[in-house]
Amino acid sequence: MKLENEVHIIEQAQKGNPDYFGLLYDHYLAAIYRFIYLKVGTKEEAQDLVHEVFLSAWKNLEDFSQQGHPFSSWLYQIARNRVIDHYRLK
């Protein structure tokens with residue numbers, strides 16, 4: 001489910017506006033949480049990893065570009081990498 005005016009919202013978030021990043025966070029939080037929870041199986045671990053995903057997305061937002069891949073794909077890739085790292089550390 002794509003966010004209306006997503007390109008504009010991303011551009012504003014990339015300019016450092018946390019309110020616009022908050023819109024992205026609110027829109028994608030449940031889906032990213034579900035994805036991670038199904039991989040790790042505990043609420044606490046999933047919450048910690050979701051926090052890491054969105055923190056990483058915020059810190060690296062300027063690296064995201066609209067080159068044929070939706071923002072959600074970028075978030076899922078970050079989430080997938082966090083889950084992999086999580087299991088490597090175990």
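A helix here is a DSSP run of H or I of at least four residues, numbered from the N terminus. With that in hand, Ser73 sits in helix H4. Please keep in mind that this is a predicted model.

Ile36 takes us to the core. The largest nonpolar core has 24 residues, and Ile36 is among those with the most contacts inside it, along with Leu24, Ile32, Phe71 and Leu75. Helix H1 (6–14), helix H2 (18–40), H3 and H4 each give two or more residues to this core. Setting aside neighbours within four places in sequence, Ile36 touches Ala46, Leu49, Val50, Val53, Ala79 and Val83.

Now the helix pair. How do H3 and H4 cross? The axes of H3 (residues 43–59) and H4 (residues 71–89) come within 9 Å, at a crossing angle of roughly 130 degrees. That angle is why H3 counts as oblique to H4. The crossing of H3 past H4 is right-handed. On the H3 side, the contact is made by Glu45, Leu49, Glu52, Val53, Phe54, Ser56 and Ala57. H4 contributes Trp74, Leu75, Ile78, Ala79, Arg82, Val83 and His86. Sorted by class, the contact between H3 and H4 has 9 nonpolar, 2 polar and 3 charged residues.

Notes
Residues are numbered from 1 along each chain as its sequence is written. This is a predicted model: local features need pLDDT of at least 70, side-chain atom pairs count only at pLDDT 80 or more; totals for chains, interfaces and linings use all residues. Side-chain values use heavy atoms; hydrogens and water are left out. Axes are lines fitted to C-alpha atoms, for helices over the stretch in contact, and angles run from 0 to 180 degrees between N-to-C directions. Angles under 35 degrees count as roughly parallel, over 145 as roughly antiparallel, 65 to 115 as roughly perpendicular and the rest as oblique. A crossing is left-handed if the near helix is turned anticlockwise from the far one by less than a right angle, and right-handed if clockwise. Contact means heavy atoms within 4.5 Å. Ala, Val, Leu, Ile, Met, Phe, Trp, Tyr, Cys and Pro count as nonpolar, Asp, Glu, Lys and Arg as charged, and the others, Gly among them, as polar. A nonpolar core is a set of buried Ala, Val, Leu, Ile, Met, Phe, Trp, Tyr and Cys residues joined through side-chain atoms within 4.5 Å. Buried means under 20% relative accessible area, exposed over 50%, partly exposed in between (1.4 Å probe, protein chains only).
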